[in-house]
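Hello,

Here is the structure you will be working with. Please open it, then read the notes below.

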Amino acid sequence: MNVRRVGDLGPDERRALFERDAGVDEVRDDVQEIVDRVREEGDVALREFAEEFDGVTVGNVDITDAAERAVEEIDEATLSAIEDAAANVRAFHEAQLPTDWRDSFEGRELGRRYRPIESAGAYVPGGTAAYPSSALMGVVPAKVAGVEHVAVATPPAEEINPVTLAAIHVAGADVVYQAGGAQAIAALAYGTESVDAVDKVVGPGNRWVTAAKSIVRGDVAIDFLAGPSEIMIVADESADPELVAADLVAQAEHDENASVVAVTDDEGLAEAVAAAVDSQASARERADVIRGALDNAASGVFLARSMSEAVLFAEEYAAEHLSIVAEDDESILDRIPSAGSAFLGPYSAVAAGDYASGPNHVLPTGGHARVTGGLSVDSFLRSTTVQRLSEESLADIESTITTLAEAEGLEAHAESVRKRFDDA
């Protein structure tokens, strides 16, 4: 990798970095056809798309029994790792559970209550690959929130990876369907003969999945539209270039479209990180995928004139994963509010968050960390405000209400309050 200076970036380079595109628009028309067919044809469409896209003949769409059996099929070490990760993810999300509250506001009893949505669907990428972590991240917070019915859709295969299936079961899913891509999102949103429609669809996926979520979100709630994986590392001269490079290479391993970025104000560190990335990438099994991500226009090692410039660069980037390896990491974090998940210090490997430290790895990408956070217990809760006004407390604000109502031309609103005092 070549080191580029932040101050020398031209308009096109900045656009590539800060306006990262998930490629949804390129497939939207094709995805619309898929969604429409699933909505109209149900299981028939799911089976035909399984043949076309996955090369698999699907019998039963519901494979919940297979997920239960998978727990007995995988080796003990893998099952133990899944269970340990699930426990950590569950503990972190249990700490997020809000408490109902009521308080007095000058005599007005006001409060808020929280209740889970009734059903949710989690998409777990895979098929022949194993993504147990995505199963945990999608299902566990929903069950912690109290969602009664949590469904999982995962791509079909001649033999779906039992590690993925086991993780789905350990996470607590109530039902599992073999359906992948845009067709799975459509099935969860609208239902089929085998698939029950849900209230909300969550989970990561490729651009076809993301496009489908963008299409169905008018009819069903979604978490957010996520694109390829991203990492932004802000480092000072105290950072170990080999560790910085290792985190960049790890995230590049996800996808050729992944965006991996490091920024520092130390020229020696920048050069050392770039060299270490090239060396480590060549040694990895997925070297071709990693190299594709490293060559992405939204990837690179950047040299800033100061840490202040590096911080501004990171805030504008608004990364999915923000790693800060610097002596004053807390103060730097305070100056970068836009990030999906933050990792502080040399031992906070981003891979820890991907799998087992506890926080959710379903995070906003493409700069959307400026306006939203990652998947959480809150994603599966609805809140209701509660109010109880006494005659006296309503009387205290009667004039305020009626004046504003009449200013808006809503005379009946004002009269609905006055009527309560007609006989007073």
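How do α6 and α7 lie to each other? Before the answer, a word on the source. This is a predicted model, in which local features need pLDDT of at least 70 and side-chain atom pairs count only at pLDDT 80 or more, while totals for chains, interfaces and linings use all residues. Residues are numbered from 1 along each chain as its sequence is written, and side-chain values use heavy atoms, with hydrogens and water left out.

**Helix packing**

Two packed helices are described by the angle between their axes and the distance between the axes. Helices (H or I, at least four residues) and strands (E, at least two) are DSSP runs, numbered from the N terminus. Axes are lines fitted to C-alpha atoms, for helices over the stretch in contact, and angles run from 0 to 180 degrees between N-to-C directions.

Now the answer. Helix α6 covers residues 132–145. Its axis is 8 Å from that of α7, and the packing angle is about 15°. α6 and α7 are therefore roughly parallel to each other. Angles under 35 degrees count as roughly parallel, over 145 as roughly antiparallel, 65 to 115 as roughly perpendicular and the rest as oblique. The crossing of α6 and α7 is right-handed. That word applies if the near helix is turned clockwise from the far one by less than a right angle; anticlockwise is left-handed.

Which residues of α6 and α7 meet? From α6 come Pro 132, Ala 135, Leu 136, Val 139, Val 140 and Lys 143. From α7 come Val 163, Thr 164, Ala 167, Ile 168 and Ala 171. Contact means heavy atoms within 4.5 Å. By class, this contact of α6 with α7 has nine nonpolar, one polar and one charged residues. Ala, Val, Leu, Ile, Met, Phe, Trp, Tyr, Cys and Pro count as nonpolar, Asp, Glu, Lys and Arg as charged, and the others, Gly among them, as polar.

α6 also packs with helix α5 (residues 76–94). Here the angle is about 40° and the axes are 9 Å apart. α5 and α6 are therefore oblique to each other. Their crossing is right-handed. α5 brings Ile 82, Ala 85, Ala 86, Val 89, Arg 90, His 93 and Glu 94 to the contact. α6 brings Pro 132, Leu 136, Met 137, Val 140, Pro 141 and Val 144. The contact of α5 with α6 has 10 nonpolar, one polar and two charged residues.

α7 meets α4 as well. Their axes come within 7 Å and cross at roughly 110°. α4 and α7 are therefore roughly perpendicular to each other. On the α4 side, the contact uses Ala 66, Ala 67, Glu 68, Ala 70, Val 71 and Glu 73. On the α7 side, it uses Pro 162, Leu 165, Ala 166, His 169 and Val 170. Eight of the residues in the contact of α4 with α7 are nonpolar, one is polar and two are charged.

**A pocket**

The second largest pocket has a volume of about 180 Å³. On a 1 Å grid over the protein atoms alone, a cavity is a set of points where a 1.4 Å probe fits but cannot get out, and a pocket is an open set with protein on both sides within 12 Å along at least five of seven lines; lining residues have an atom within 4 Å of a point. Grid points are joined across faces, edges and corners, and a volume is the space filled by probe spheres set on the points.

α4 (64–73) and α7 (162–171) each supply at least two residues of this pocket's lining. α4 gives the most, with four residues. The lining includes Ile 63, Arg 69, Ala 157 and Gln 178. Seven lining residues are nonpolar, one is polar and four are charged.

**Cavities**

How many cavities of 30 Å³ or more does a search of the whole structure find? It finds three. The largest cavity has a volume of about 70 Å³. Among its lining residues are Leu 243, Val 325 and Pro 346. α10 (241–252) gives its lining the largest share, three residues.

Pro 346 sits in the loop between β13 (341–344) and α15 (350–355). Leaving out residues up to four places away in sequence, Pro 346 touches Leu 243 and Val 325.

The second largest cavity holds about 40 Å³ of space. Helix α3 (residues 43–54) supplies the largest share of its lining, three residues.

Best wishes
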